[in-house]
Amino acid sequence: MLKEGENMKDKEFIRLKRVFFKSSFYILLFMVPFTIALITKFGYKTTNIEKSIRNDESLLILVTEKDCSRCKEIKGILKDKKVPYYELNFDKTTINDYQRILRKAQIGEHDIVIPTLIYIQDGNLKSSLVDIKDKNDLLSYIENINYET
């Protein structure tokens with residue numbers, strides 16, 4: 001009789017084990033996609049710069065920071081010349097967004113000296129002007145890249 005009792009315990013254990021694994025499978029089957037959807041929806045917002053790069057557009061990105069007087073001058077020159085650009089302000093952008101945008105633009109953080117003007121053509125890095133100090137260099141760069149909106 002003891003063997004029958006032990007046998008019943010083994011069958012019950014096997015049944016419980018199957019229920020456990022089946023439940024675990026269904027939880028993973030539904031929770032993983034749900035979690036991925038939540039992270040995708042609320043994890044981070046895609047910036048206009050990222051959207052433009054992903055859509056293989058051409059764009060200029062001016063990398064600036066808050067206390068940069070040369071950045072203000074460059075923005076004024078670009079505005080006067082009616083050259084459209086996106087501003088990537090190091091102080092106003094989260095470090096994760098900043099790094100992600102630079103990665104999508106195919107630029108390393110160590111390649112940036114503020115102010116930097118980055119030219120993306122058809123979604124790929126074409127050229128950049130780093131540590132802009134001279135107005136003539138900026139105007140020559142804009143003319144040479146043949147940037148058309």
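**Figure 1. Lys133 and its salt bridge with Asp131 in the predicted model.** Lys133 is exposed, with 64% relative accessible area (exposed means over 50%, buried under 20% and partly exposed in between, using a 1.4 Å probe and protein chains only). Lys133 pairs with Asp131 in a salt bridge whose closest N and O atoms are 3.4 Å apart (a salt bridge is a side-chain nitrogen of Lys or Arg within 4 Å of a carboxyl oxygen of Asp or Glu). Asp131 is partly exposed, at 25% relative accessible area. In this predicted model, local features need pLDDT of at least 70 and side-chain atom pairs count only at pLDDT 80 or more, while totals for chains, interfaces and linings use all residues. Residues are numbered from 1 along each chain as its sequence is written, and side-chain values use heavy atoms, with hydrogens and water left out.

**Figure 2. The salt bridge between Arg70 and Asp131.** The closest N and O atoms of Arg70 and Asp131 are 3.1 Å apart. Arg70 sits in helix α3 (residues 69-80) and Asp131 in the loop between β4 (124-130) and α5 (135-145), so the pair links distant parts of the chain, 61 residues apart (helices are DSSP runs of H or I with at least four residues, strands are runs of E with at least two, and both are numbered from the N terminus). Arg70 is partly exposed, at 26% relative accessibility.

**Figure 3. The salt bridge between Glu50 and Arg100.** Here the closest N and O atoms are 2.6 Å apart. Because Glu50 lies in helix α2 (residues 48-54) and Arg100 in helix α4 (residues 95-104), the pair ties together parts that are 50 residues apart in sequence. Glu50 is buried, with a relative accessible area of 1%, and Arg100 is also buried, at 11%. The structure holds six salt bridges.

**Figure 4. The largest nonpolar core.** This core has 32 residues (a nonpolar core is a set of buried Ala, Val, Leu, Ile, Met, Phe, Trp, Tyr and Cys residues joined through side-chain atoms within 4.5 Å). The members that touch the most others are Ile61, Val63, Leu88, Ile112, Leu117, Ile118 and Leu138. Two or more residues come from each of α2, β1 (59-64), α3, α4, β3 (116-121) and α5. Strand β1 gives the most, with five residues.

**Figure 5. Contacts of Leu138.** Neighbours within four places in sequence are left aside. Leu138 is then in contact with Ile74, Ile77, Leu117, Leu129 and Ile132 (contact means heavy atoms within 4.5 Å).
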